[in-house]
Amino acid sequence: MGTFTGSFKGFGVTFAHMFRKVVTTEYPFKPPTPAPRYHGRHILNRHPDGLEKCIGCELCAWACPADAIYVEGGDNTEEQRFSPGERYASVYQINYARCIFCGLCIEACPTRSLTMSNEYELARDSRQDLIFTKEQLLAPLLPGMEQPPHPMRLGDSEKDYYLGSLTNPGTSAGAERAGGADASQPGEPLSRGAA
Ligand code: SF4
Ligand code: SF4
């Protein structure tokens, strides 16, 4: 009798599941959309004229608990300028065999150069291919941007150059102004998540 009721309960559970919402995703044919602030593959962002925001300071590498970032800084010159500052990253690598997607590196970045995208398809056939180079991580050139090296394409003033970042989402100046703060008083950006 006990075996009979046990079986009946088991069939009942199976039957009840037949009317529940199916949670199976048809990956890779219909890849699921992650949450907006999902931490995926990194991006090295650019200024609106195409110059790189990264100044090769290595703060991201020092903040990384998994030792996944390698940076070598180089000096900008008037003939060879890659970023607005004195320095740029001549070498920049992220090892996705080590990265745990914690986001500490993007918190440490002082220029909002480094942000994280929603891209999660990072599986590769070899460990070497999991080391992404600067060329792979750099944001693509958008219309109106020029491939560095080139001089800063200033607006009417140097201030315009940075405030123009309002049209370039992910910058601290843009985030501050979007929040209604006075852009002439730099403060903590309102949005610090993945961009
Ligand atoms: S997300 Fe975390 S583990 Fe990955 S590179 Fe950044 S700091 Fe390192
Ligand atoms: S990504 Fe940011 S923290 Fe890392 S080296 Fe470049 S400017 Fe510095």
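The questions below ask what lies behind each label.

Me: How should I treat the coordinates, and what confidence does the chain have?
Reply: This is a predicted model. The chain averages a pLDDT of 83, and 81% of the residues score at least 70. Over residues 168-195 the pLDDT is below 50, though this stretch has 43 contacts in the model beyond near neighbours in sequence.

Me: What makes up the secondary structure of the chain?
Reply: There are six helices and five strands. From the N terminus on, the elements run α-β-α-β-β-α-β-β-α-α-α.

Me: Why is Cys 54 called buried?
Reply: A residue is buried if 20 or more other C-beta atoms lie within 10 Å of its own. Cys 54 has 26 such neighbours, so Cys 54 counts as buried. Cys 54 lies in the loop between strand E1 (42-44) and helix H2 (59-63). Not counting residues up to four places away in sequence, Cys 54 touches Leu 44, Ser 83, Tyr 88, Ala 89, Tyr 92, Thr 111 and Ser 113.

Me: What makes Cys 60 count as buried?
Reply: The cut-off is 20 or more C-beta atoms within 10 Å. Cys 60 has 24 C-beta neighbours inside 10 Å and therefore counts as buried. Cys 60 lies in helix H2. Its contacts, leaving out residues up to four places away in sequence, are Ile 69, Cys 105, Ala 108, Cys 109 and Leu 114.

Me: How much of the chain counts as buried?
Reply: Of the 195 residues, 22% count as buried.

Me: Why is Glu 58 called partly exposed?
Reply: A buried residue needs 20 or more neighbours and an exposed one has 12 or fewer, with partly exposed in between. Glu 58 has 17 C-beta neighbours inside 10 Å, so Glu 58 counts as partly exposed. Glu 58 lies in the loop between E1 and H2. Its phi is near 75 degrees, a positive value in a residue other than glycine.

Me: And what makes Phe 101 partly exposed?
Reply: With 17 C-beta neighbours inside 10 Å, Phe 101 counts as partly exposed. Phe 101 is in the loop between E3 and helix H3 (104-108). Phe 101 is not a glycine, although its phi is positive, at about 55 degrees.

Me: Which residues does UniProt list for "binding site"?
Reply: The unreviewed UniProt entry lists Cys 54, Cys 57, Cys 60 and Cys 109. They span 56 residues in sequence, yet no two of their C-alpha atoms are more than 10.4 Å apart, so they gather at one spot.

Me: Which residues come nearest to ligand 2?
Reply: Of the 14 residues around ligand 2, those that come nearest are Cys 54, Cys 57, Cys 60, Cys 109 and Leu 114. The shell around ligand 2 divides into 10 nonpolar, three polar and one charged residue.

Me: What is the shell around ligand 1 made of?
Reply: The shell around ligand 1 has 12 nonpolar residues, one polar and no charged. Of the 13 residues around ligand 1, the nearest are Cys 64, Ala 66, Cys 99, Cys 102 and Cys 105.

Me: Why are strands E2 and E5 said to stand at the edges of a sheet?
Reply: Three strands form an open, antiparallel sheet in the order E2-E3-E5. Strand E2 (69-75) and strand E5 (131-132) each have a single partner strand, so one side of each is left without a neighbour in the sheet.

Me: How do you know that E2 and E3 pair?
Reply: Pairing takes at least two bridges between the strands. E2 and strand E3 (residues 87-95) have seven bridges, in the antiparallel sense.

Me: Where are the cis peptide bonds, and what omega do they have?
Reply: A cis peptide bond joins Tyr 27 and Pro 28, with omega about 5 degrees. Pro 28 lies in the loop between helix H1 (2-17) and E1. Another cis peptide bond joins Pro 148 and Pro 149, with omega about 10 degrees. Pro 149 is found in the loop between helix H4 (134-137) and helix H5 (158-163).

Technical notes
Residues are numbered from 1 along each chain as its sequence is written. Chains are lettered from A and ligands numbered from 1 in the order in which they are written. This is a predicted model: local features need pLDDT of at least 70, side-chain atom pairs count only at pLDDT 80 or more; totals for chains, interfaces and linings use all residues. A residue is near a molecule or strand if its C-beta atom, placed from the backbone, lies within 6 Å of it. Ala, Val, Leu, Ile, Met, Phe, Trp, Tyr, Cys and Pro count as nonpolar, Asp, Glu, Lys and Arg as charged, and the others, Gly among them, as polar. UniProt positions are given in the numbering used here, feature names are shortened, and annotations may be inferred rather than shown by experiment. Helices (H or I, at least four residues) and strands (E, at least two) are DSSP runs, numbered from the N terminus. Two residues are in contact if their C-beta atoms, placed from the backbone, lie within 7 Å. pLDDT is the predictor's confidence in each residue, from 0 to 100.
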